[in-house]
Every structure is written in C-alpha cells, then in structure tokens.
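Please read each point against the sequence and the structure shown here.

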Amino acid sequence: SVICPLFLFIFHNSHCFSLFSCTLWMCIVLNPHCKSEQKCVWLRQLRRWNSIDVCPWEDGNHGNELPNLTHALPHGNPDLSSRPHRTVFTRAIEACDLHWQDTHLQRVITHDLCTHTHTHCPHDSHGSGGALFDARGWPLWHEHVPTACARVDALRSHGYPREALRLAIAIVNTLKRQQQKQLQLLRNHKKELLHKGMTSVTNMEGWVGHPLDPIGTLFSTLLDTGRGDEEGGNAFLDFSGSVSSAKRLEPHLFPAQHFLDDGQSFVALAVETALIGLGQQRVMPDGLYAQEKVCRNEEQLLAKLQEVELNDALVKIFRKQAVFLLEAGPYSGLGELLYRESVPMHTFAKYLFTSLLPHDAELAYKIALRAMRLPVLETTAPSGDLSRPHHIVSMVPNRYPRWFTLSHIESQQCELASTMLTAAKGDGRKLETVLESIQKNIHSSSHIFKLAQDAFKIATLMDSLPDLTLLKVSLELGLQVMRMTLSTLNWRRREMVRWLVTCATEVGVYALDSIMQSWFTLFTPTEATSIVATTVMSNTTIVRLHLDCHQQENLASSARTLALQCAMKDPQNCSLSALTLCEKDHIAFETAYQIVLDAAVTGMSYTQLFTIARYMEHRGYPMRAYKLATLAMAHLNLSYNQDTHPAINDVLWACALSHSLGKNELSAVIPLVVKSVKCATVLSDILRRCTLTTPGMVALHSRRNSGKLMSLDKAPLRQLLDATIGAYINTTHSRLTHISPRHYSEFIEFLSKARETFLMAQDGHIQFTQFIDNLKQIYKGKKKLMMLVRERFG
C-alpha cells in the first residue's frame, strides 16, 4: 500500500526517474562482491516491485516481446501471448542468474597483455562457437553483447576501472573478429542473397538505443581512459573473496602497452566501437518511447564522436569500417540489401560523409548514397527471410509499421541529401547521381521542395555566378514536387508553383517554354493560366531574361497556346485568364471568346459569365458583353425575398448596358429579367432606371435616336411594369403570412414603395386602391396592422 504511491510519485517526477533505469539495477545486482544472500534479498525485492501494476515498462509503451537475453536466442517463434511484459526491473531479475566465477572471464579482467594463442586456450565453455583467444593471443568474450557491457558498467561503478577496461577491450576485439567472420560468410553466400533479392536482420534488438546502452558504455570506458579522465580505484579485484590493496600498477596510470597492441590507442578503439554499433542493421522497435530512444542515443553518440579530432589513424579506421558497412550485407545497415523495417542510417551516414569527404570523396558518396534508402515507405519492399530461424524478422512482415519518429527520420534523410548537394556543387556527374537518389528515395513532397530551395540558394549565391548545373537539379526537384502534389492537397501548393516559375526563369527561356509545353503534367489549368502564363508574360520576366522581340513572341505564343488549352479543359476558371492573355493576338482572342460561348450554356455559372461580360465591356466590346450578360441571366434566379443578393448589381449593370445599346437590345433582355427576377424592389429599380433616359444614347455606329422616352404602355416596359406590380402583390401576401408587430412599420414603408410603382401605370391608382381593399378584407384579423394601413392609404 505504500509502494504504489511511491512508484507513482517517482514516475511523475523526472528528477527521481533515474531510479527506473535498467542500468542502475543491473549495476547493483552485478556487483562482483555481492554475496548470494544479498542477491537473494535483491531478487525478492525486484520481483516484488516488478509485480506492481504501475511498474514502468522497459520500452515506456508496451511489453517488449523479447526472450531472456542473458541466454542464447531461441530458435522458432514462441507464442507471443505467453510472454510477459518486460519492466524496468526484468533485466536485473534475469541478471541475478549471472556470476563472475567463469575462469576465462576472470582471466580476461585480471590479466593485462595476454601472450596465449587460441591453440593453447582451454576448451570454449560457452557454446558460442567462438574461440577464447584471437590469433594475436588477445582474450575474447562471447556473451550477449548488452549483458557483457553491463558487466563493464558494473565494474566501473563499483570502483574497478582497470578490470572494466580489460573486459571492454575483450568485447570490442570479439566484435571486430565477428565482423571479419560475417564478411567472410557473406562473401560465400552473396550470389545466393542477391539472386533472392531479399535480406533479413540478424539481431532482434539493436545496440544503439538499447536499454543497457552497450555501445555507449564501451565508448565512454575506452574514451575516458584514452583522455586520462578515468579515476583508477586503489582496489584490485580478487575473486577469492577479498579486496586487495596490492598493486602492480600505480593508481591513475593505465599504460597502453598493458592493454593494447603497439600503435593502437584507446581513442581509436572507442571510435571504431562506435562505428560498429552505429552501422549495425537492426529492427526499429515498437512504441514511441523506444523509437525516440533509438534516435536520441544515436545523436548523443554522434555528438561525442564529433568531439574527437580526426587524425590519420582514425581516418584509416573510418575507411576500414565504411568498406565493411558497404559489403557486410544483412549485418550492416548500409548493406546492399536492406530489411524493410531496419533503422535508417541517415544521421550516421551524414557524419561519415562529412568525415570522409576531405580524405576519400568516392567512398564518402558511396556511403551517403547507400544510406538514402527508406524502404519502410516503399510500396514493394523486400520481405524478411523466414527460411532461416536465427534470422529474426517482424512478427507481421506485411503490415505497415507504426513509426512514430517517421517525420524526424525523413527530416534526417533530407539533411543528408542537402549535405550531398552542397558538397557536389560544380561536379555535374555527382549532382546527377545525388538527384537520382533523391528522386528514388525521398517520398515527401515537402522535403523535396526544401531540397529544391536549398539547391537554388546554393546555386545563386550573391558572390558568384549562378551554377547552372545545380540550378537544373533544383528545377528537376521542383518538377518532381509539382507532379507529386498535382492530385493531392498541399497548403503550400501556390508557393511551390510560384517558386518553380522563378527557378525556371533563372535557368533560362527554354526551361520556361518546357514547363508550359508540359503544363498538364505539372499544374492545374487554373495554376497554369493565373500563375505560370501570367508570370511568364510579365514585363519583369522579359527584363530578367533580356529577351529580344523574336524570343518574346515565341514565349508569348506558348503562353497563349497554354491559356487556350486550359480554357478548353476548365472554362469556368480559366476563360477570363485566357482572354486576358490573348488580348494582343486577334485569332487567339476570338478562339478564347468562342470557348466561353460554347461553355456558357451548361458549363459556367452566372457569376463567371457576368465577370467575363464586364471584362468585355471594359475592353470595348459592348455587344459581346451584352451577349454574355443575356447568357448569364438565363442561369439566374432571384426570389421575392432576396433583395440583398450579390447578383443584383450585375442585373442592374446588364439592364443598363442593354438600355445603352438600344431599344431592340432592351426589348430582348427584359423578358429574361422578368423570368429570372421575382424580387419586387429590384424590378422597380430597373423599371425606374429605364424610364429616366432614352434607350440607345450610346448606340452602335454612333447613331442617335430621336431622344423620345419609352412608353410604359407599350412593350417592352409594359411587360416589366406588370411583372413589377405582380411581384409587389405576391411579396405582400408572403410577408403578411408570418409578419410580427415589430415589422409593421417596415411593411407600411414597403407598401408606400409599391404604390409608387402602381401609380406608374395609367390605371395604377385604381389598381392600388383595389389591392388595399383586398388586404383589408383578407387580413382583417390583423386589426392593428390594418389600422396602420388605413391611416396611411385610406
């Protein structure tokens, strides 16, 4: 009852969270002088904590489905449901079975330079298939690598740095020997693997990002010794049970000859260890916490590596490990074939690339280009090899994995590509190779767009002439972005289109002509006309490119052709832009106008047609404007209560245009108005405007009519007057159906406007009187309203 609240307190307080560290409890139970009684006490306590419901899981999210990793990996796939969740104490509980009584282990950690050879060694008691000594006579230690490194950490933590160093060197020598054996094995089976076109992962768990941080432990042990930062304890580890003070070495002194071959250094060994661990092909773990830990540990290890100054010896190690990574197949994250769910190598490869570039550029590019892969996003990725039981693969190989850190991984992939582009400036062959890799491996349009922008900036630096080759790479990346986002939603799409036109302008006139010729694969019709063609034909572009008249005309011709094609494909949104772009070419303009007329009947709205009609009037084509206005009216429908409709101004404009052209045009448009508009106030406004001036005052051919006003008793105004009076009558009845007392005064004002329209007819007074009398009779129940009507209209 006390422990549960304590666990909750620790779990929610970050300064106490180190108590849940796997490495802390491993160090405690791996104390070389921990007696069996003490171990039993710890084991009971750990099991008690482990059984509590709120005990944190090792991966922070859910149970890690790994077997007991202190023993050899089992063959086959045991039932997953039978495996318990692994908590932060599980490894420590398992480690309680470990001991320090192995004679070879004692020999490793208590002796310096060993002069034995493997032919004189005792029989290998571990069953690992590996010798106890290498060909040089150096001891090896075959054990589950994270567990062996936990021993190193425990030795250091309990004050035995010399012993920890000896064991660390033995582990690293074992890893290096395994590398050579793996490479030899792979060379014997390479043709078979390549023929199958598949690969598999040889480790269920990676060393980088592991809860016990094995590579970090080895690296810090070796590097701290190499820098002289390790504090040597005065105690000498004696497995007989006592702690002796007798020394063969002075404290704080770690002479290299006691631990390393001639010419070796602890720093070089630490760096090589880190490269081995970072290059290991390993499966991305499940869960957000575990995946973030992989990324975080990799970045921390790389940050430590960057603090090490490279010398000739280290460059040699970099070359050696880079070659191994390229040739090691399934053992390497940079092998020729890659398992689909392997942890990507982008961040690591970027470090290798920048380190190797000044010394071996070809090798640097091979590493970086190989690391660009991201098979988890490929639709047809190679599956795991299930034929060999010791090759561990995903339990559900065909599922789409939940990679919570995918956005970070893609960003790192983008950073690697950007680094290569920057380094390859001025080298056309390498730029082309990098471009192909980007187009093949990067699947995010946003990241490709960022790379295109980066390349553009590098190519157009102010202190030098533009790098045309890099500009072309930037353009190619931009074109790929256009194709990728053409049929998908992207909030940056307009920015991308504008940038592409800018980039093509920098490349040259042929690039602009090319994107206009193939616009349908890159842009929507609206983008092509409103952004691309408009920008190409602007004065700014002409001045920027220093075009002569012939080049200007060719570019304008391409833009007009594009505009007409877009208008044919999307007349609703592109017709106006097409007309604008074709203004200076009579044939093209006529073609665009005909496209509008053909689409007006069914394919365009009244708003679009009115807009184009106003444009035609502005350009000096009143009859064409009139034609389009009448087509627009056919699509319009204004009901009695839509007296604030946005199309009212267009209707008034169309009637004014018709009136200005002459009686015939007005006679033709009024029936359309009567059919489309049912709003009384709008109709009365049109009627009043038509009676103020004589139609045809700006008629065609400069002919003026007699100046006589049109009669309201004859067509076409008689039809408009009758429709207006009818609209007032219908609107009045509609309003009275649901009128409330607060709207009475507004209704009386409406009737006053109606009377003005009634009185425009010869018998209007009589009609209005009859209309009022009918209202009094029909709505006599609305006494207060009818009283107001009598007061105003009698």
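1. A search of the whole structure finds 15 aromatic pairs, where rings of Phe, Tyr and Trp (its six-membered ring) pair if their centres lie within 6.5 Å, with planes under 30 degrees apart counted as stacked, over 60 as edge-to-face and the rest as tilted. The pair of F449 and W499 is edge-to-face, because the ring centres are 5.6 Å apart and the planes stand at 90 degrees. This pair links distant parts of the chain, with F449 in helix α16 (residues 445-459) and W499 in helix α18 (residues 493-507), 50 residues apart. Helices (H or I, at least four residues) and strands (E, at least two) are DSSP runs, numbered from the N terminus.

2. The model is predicted: local features need pLDDT of at least 70 and side-chain atom pairs count only at pLDDT 80 or more, while totals for chains, interfaces and linings use all residues. Residues are numbered from 1 along each chain as its sequence is written, and side-chain values use heavy atoms, with hydrogens and water left out.

3. Buried means under 20% relative accessible area, exposed over 50%, and partly exposed in between (1.4 Å probe, protein chains only). The rings of F758 and F768 also form an edge-to-face pair, since their centres are 5.4 Å apart and their planes lie at 65 degrees. Here F758 belongs to helix α31 (residues 744-758) and F768 to helix α32 (residues 764-778), and the pair, 10 residues apart, links distant parts of the chain. F758 and F768 are both buried.

4. Helix α31 also contains T757. T757 counts as buried because its relative accessibility is 0%. Apart from neighbours within four places in sequence, T757 is in contact with S684, L687, R688, L721, T724, I725 and Y728, contact meaning heavy atoms within 4.5 Å.

5. Further ring interactions deserve mention. Ring pairs join W25, W42, W49 and F89 into a cluster. Two arginines place their charged ends over rings: R151 over W100, 5.0 Å from the ring centre, and R735 over F750, 4.3 Å from the ring centre. A charge sits over a ring if NZ of Lys or CZ of Arg is within 6 Å of the ring centre and within 35 degrees of the ring normal.

6. W25 of the cluster is one of the buried residues of helix α2 (residues 22-29), together with C22, M26, C27 and V29. The buried residues of α2 pack against α3 (36-50), α4 (90-95) and α6 (145-157).

7. Which angle and distance describe the packing of helix α26 and α28? Helix α26 (residues 622-634) packs with α28 at an angle of about 20 degrees, and the axes are 9 Å apart. Axes are lines fitted to C-alpha atoms, for helices over the stretch in contact, and angles run from 0 to 180 degrees between N-to-C directions. The angle makes α26 roughly parallel to α28 (under 35 degrees counts as roughly parallel, over 145 as roughly antiparallel, 65 to 115 as roughly perpendicular and the rest as oblique). M623, Y626, T630 and M633 of α26 make the contact with E665, A668, V669, L672, V673 and S676 of α28.

8. G662 lies in the loop between α27 (648-661) and α28 (663-676). G662 is buried because its relative accessible area is 7%. The C-alpha atoms of G662 and P695 are 4.9 Å apart in space, although the two residues are 33 apart in sequence.

9. Two backbone angles may be checked. D213 is not a glycine, yet has a positive phi of about 50 degrees; D213 sits in the loop between α7 (161-196) and α8 (214-227) and counts as partly exposed, at 31% relative accessibility. H546, also a residue other than glycine, has a positive phi near 55 degrees. H546 lies in the loop between α21 (539-545) and α22 (549-569) and is exposed, with a relative accessible area of 67%.

10. For the whole protein chain, there are 33 helices and two strands. Of the 794 residues, 51% are buried. Among contacts with a separation of 6 or more, 74% come from residues 24 or more positions apart.
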